[in-house]
Amino acid sequence: MTISDLLKVKPGAVDLADYDPEGTPGFDGDKAAGEAALEELAPRLADLQEKLFAHGYTDGRKSLLLVIQGMDTSGKGGTLKHAVGIFDPGGIRIKSFKKPTREELAHDFLWRVEKEVPAHGYVGIFDRSHYEDVLVARVHELANAGEIERRYGAINDFERRLVDEGTTIVKCMLHISREEQRERLLARLDDETKQWKYKPGDVDERKLWDKYQEAYQIALERCSTEVAPWYVVPANKKWYRTWAIASLLTEALEAMELDWPAPSYDVNLEKDRVAAS
């Protein structure tokens, strides 16, 4: 069974209590073994990304979009550093969707997202994404119930269109426990090199933990589709989180069945021309 099969959200009602944030589905080893497995996987993942870039460079139409969502401290930054960091930076585009600007609020919520989808041949990463508009917006009642309901359908239509146009979407919910989040916040406060990451408002958001869990469950249930499924990635163990996401990306790229593009010119003739130049 593949890591995609193990982590994919199943159809029907979603209860995050059924997903163990301490778990390591698909991996039996310890941290050292996980780090070694990631190191072993890295050359393959880098090679696949280069083939994708070459595909786009020669007018291919495929791309990859990684969507990363999770509670504060769940490891979005760590994922970028250790999993996405395997990729050649020239072939990736990272976007984090913050609080909407006044201009963005004047448009539909997907307006700003549409502009950031990856071009052909690229890997796009949304570190926080269009799902903020059904997560934070739901918890903090930034839009009415009817508008939130409309957005689930709009997201599904948007993602289906991306897939139809050649984009493979990998959506990862980094799943940590409330206790683990407390420990990570305390660790930030104890480390002067990490205190800049902490915001007093983080504690206020913790008080809304149950509301956020409910919002995630609804989003996972409503927006895990056949063309763009959600994956719940246990994230209490940072090493497993990184290995799992790198594995999901590898599987997604392998499914594209890309090879090096054949040249559109006579190689031997061009060798002669170069040698004579």
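Visitor: How do the axes of helix 6 and helix 10 cross?
Guide: In this predicted model, the axes of helix 6 (residues 132–139) and helix 10 (residues 209–223) come within 9 Å and cross at roughly 145°. Axes are lines fitted to C-alpha atoms over the stretch in contact, with angles from 0 to 180 degrees between N-to-C directions. Helices are DSSP runs of H or I, at least four residues, and strands are E runs of at least two, numbered from the N terminus.

Visitor: Which residues of helix 6 and helix 10 make the contact?
Guide: Helix 6 brings Val134, Leu135, Val136, Arg138 and Val139, and helix 10 brings Lys211, Tyr212, Ala215, Tyr216, Ile218 and Ala219. Contact means heavy atoms within 4.5 Å.

Visitor: New topic: where is Asn236?
Guide: Asn236 sits in the loop between strand 5 (230–234) and helix 11 (238–255).

Visitor: And is Asn236 buried or exposed?
Guide: Asn236 counts as buried because its relative accessibility is 8%; buried means under 20% relative accessible area, exposed over 50%, partly exposed in between (1.4 Å probe, protein chains only).

Visitor: What does the side chain of Asn236 make a polar contact with?
Guide: The side chain of Glu22, at 3.1 Å. A polar contact is a pair of N or O atoms within 3.5 Å, where one must be able to donate a hydrogen and the other to accept it.

Visitor: What about Gly60, where is that?
Guide: Gly60 is in the loop between helix 2 (31–57) and strand 1 (63–70). Beyond its neighbours within four places in sequence, Gly60 is in contact with His55 and His120.

Note on methods
Residues are numbered from 1 along each chain as its sequence is written. This is a predicted model: local features need pLDDT of at least 70, side-chain atom pairs count only at pLDDT 80 or more; totals for chains, interfaces and linings use all residues. Side-chain values use heavy atoms; hydrogens and water are left out.
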